[in-house]
Amino acid sequence: VRRLTVNLIEEGMYLARSIKSADGRVLLQAGQRLDERYIKRLRGMGVYIVYVEDKRLDDVIVEDLVRDETRNEGVQLAKHLVKLAGKSISPATINDKTANRISAMTNQIVNEILGNKNLVVNLQDIRTSNDYLYFHSVNVCVLSVILGTVLKLKEEQLNDLGSGGLLHDFGKLVVPDYIAEKAGPLDKDEMEIMRRHPQLGFDALRGNPNVKLLWAHIALQHHEWHNGAGYPRCLKGDDIHLYGKIAGIADVYDALTSERCYRPVPFLPHEAMEFIYASSGTQFDPKIVAAFARNIAIYPLGSTLLLSDGSRGVVIDVNIDCITRPKLRIIEDEDGAVLTDPYEVNLEDELTLFIKKVLA
Ligand SMILES: [Fe+2]
């Protein structure tokens, strides 16, 4: 497969992975030949990244760490929570049945991640912007569990981290849409309302006998900053709970790589990672940034890279101990001629070559 941004799709390409809505409906089936009409439809749905088939890259298979069904159950749950909340949230919003569903879903995610030896994550960022909130909740859950695994947390700890990750923005369910979905920057009053969501989420989760206190603390602390400049309590360093720190970084990474109303062109993974590096020590705990950087494929499988000699290659493998220098299959030579017989280059060995640009 090849990973492309929608602006690079050409007519006649075939979709390699289905595009689904938050309710699990297939919006566009894998195998679909993309003509002008479908390309337009993808744009209309707010899809930014797609996987297309490419004969030269048939052996490159992008697998998610988490099964489709599990992810879908997470998205359904996130949707269900929005419905339960309606216009207000309280300690009664999440009943025991829903809390059990959250635990079971998270436990399934934890098991699938623990069962996977290779924790270099190729995030499956096929999603539509309309369903941001649901996908985002699940992604924060999954990313948090991955980070927790890297940081050697035990299974039970991972379960709490994941459940809290799913619920991290619970308080946002009562932030008015005109603020939460505002395209431009928030004014002072709007910002103040927005900044109440960690406390609101905490208050509604803390008094709930079906919810663990740790889950509530993740909702409360995910916007605290390592240097004390965050909110709501301006906690600093290790006064911030480890789970709050982890969910905080997962939250920012996923938000940056998503299409949002105020930023229609999402960051590519390496750009989001640059942002996170730049905020290490201020917004984020450097130890967690380091763990994150080691385990997220900044050049995901199927990405197209422009190299310093002018050739173009597609990432076919990630070098686990050298994540910034993946293995490539060169599909265009230095002069831009398409190679009928592509060859491979391992950037880990070819130290005179460097990545000039990420094309998709
Ligand atoms: Fe938040």
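Where is K152 found? K152 sits in the loop between α4 and α5. That loop is one stop on a walk through this structure, which is a predicted model.

First, some ground rules. Residues are numbered from 1 along each chain as its sequence is written. Because the model is predicted, local features need pLDDT of at least 70 and side-chain atom pairs count only at pLDDT 80 or more, while totals for chains, interfaces and linings use all residues; side-chain values use heavy atoms, with hydrogens and water left out.

Start with the whole chain. The protein chain holds 12 helices and 9 strands. Helices (H or I, at least four residues) and strands (E, at least two) are DSSP runs, numbered from the N terminus. The radius of gyration of the protein chain is 21 Å, in agreement with the value near 21 Å for a compact globule of 360 residues. That radius is taken over C-alpha atoms, and the globule rule is 2.2 Å times the number of residues to the power 0.38. Along the principal axes, the C-alpha atoms fill a box of roughly 65 × 45 × 45 Å.

Of the 360 residues in the protein chain, 55% are buried. Buried means under 20% relative accessible area, exposed means over 50%, and partly exposed lies in between (1.4 Å probe, protein chains only). The accessible surface of the protein chain is about 16300 Å², and 50% of it belongs to carbon and sulfur atoms. Such areas come from the Shrake-Rupley method with a 1.4 Å probe; for residues, only the protein chains shown count as cover.

Contacts tell how the chain folds back on itself. A contact means heavy atoms within 4.5 Å. Among contacts with a separation of 6 or more, 65% join residues 24 or more positions apart. Charges come next. The protein chain has 43 positive and 50 negative charges, and their mean positions are 5 Å apart. Lys and Arg count as positive and Asp and Glu as negative, without His and the chain ends. Each charge is placed at NZ of Lys, CZ of Arg, CG of Asp or CD of Glu.

Now follow the chain through some single residues. V82 lies in helix α2, which covers residues 68–85. At a relative accessible area of 27%, V82 is partly exposed. Leaving out residues up to four places away in sequence, V82 touches L133, Y134 and L173. V82 and Y134 are 52 residues apart in sequence, yet their C-alpha atoms are 9.0 Å apart.

Helix α4 spans residues 132–150 and includes Y132. Y132 has a relative accessible area of 12%, so it is buried. Beyond its neighbours within four places in sequence, Y132 contacts D254, A255, S258 and R260. From Y132 to T93 the sequence gap is 39 residues, and the C-alpha atoms are 22 Å apart.

Return to K152. K152 is exposed, with a relative accessible area of 70%. Its phi is positive, at about 65 degrees, although K152 is not a glycine. Most residues other than glycine have a negative phi, and most peptide bonds are trans.

Helix α5 runs over residues 155–166 and contains N159. N159 counts as buried because its relative accessibility is 17%. N159 touches T106, N107 and V110, with residues up to four places away in sequence left out. G164 is also found in helix α5. Its relative accessibility is 0%, so G164 counts as buried. With residues up to four places away left out, G164 touches W215 and I218. The peptide bond from Y231 to P232 is cis, with omega near 5 degrees. C234 is found in the loop between α9 and α10 too. C234 has a positive phi, near 55 degrees, and is not a glycine. With a relative accessible area of 47%, C234 is partly exposed.

The walk ends in helix α10, residues 242–256, where K245 lies. K245 counts as buried, at 12% relative accessibility. The side chains of K245 and D285 are joined by a polar contact of 2.8 Å. A polar contact is a pair of N or O atoms within 3.5 Å; within protein, one must be able to donate a hydrogen and the other to accept it, and residues adjacent in sequence count only if both atoms are side-chain atoms. Not counting residues up to four places away in sequence, K245 touches G237, D238, I240, D285 and I288.
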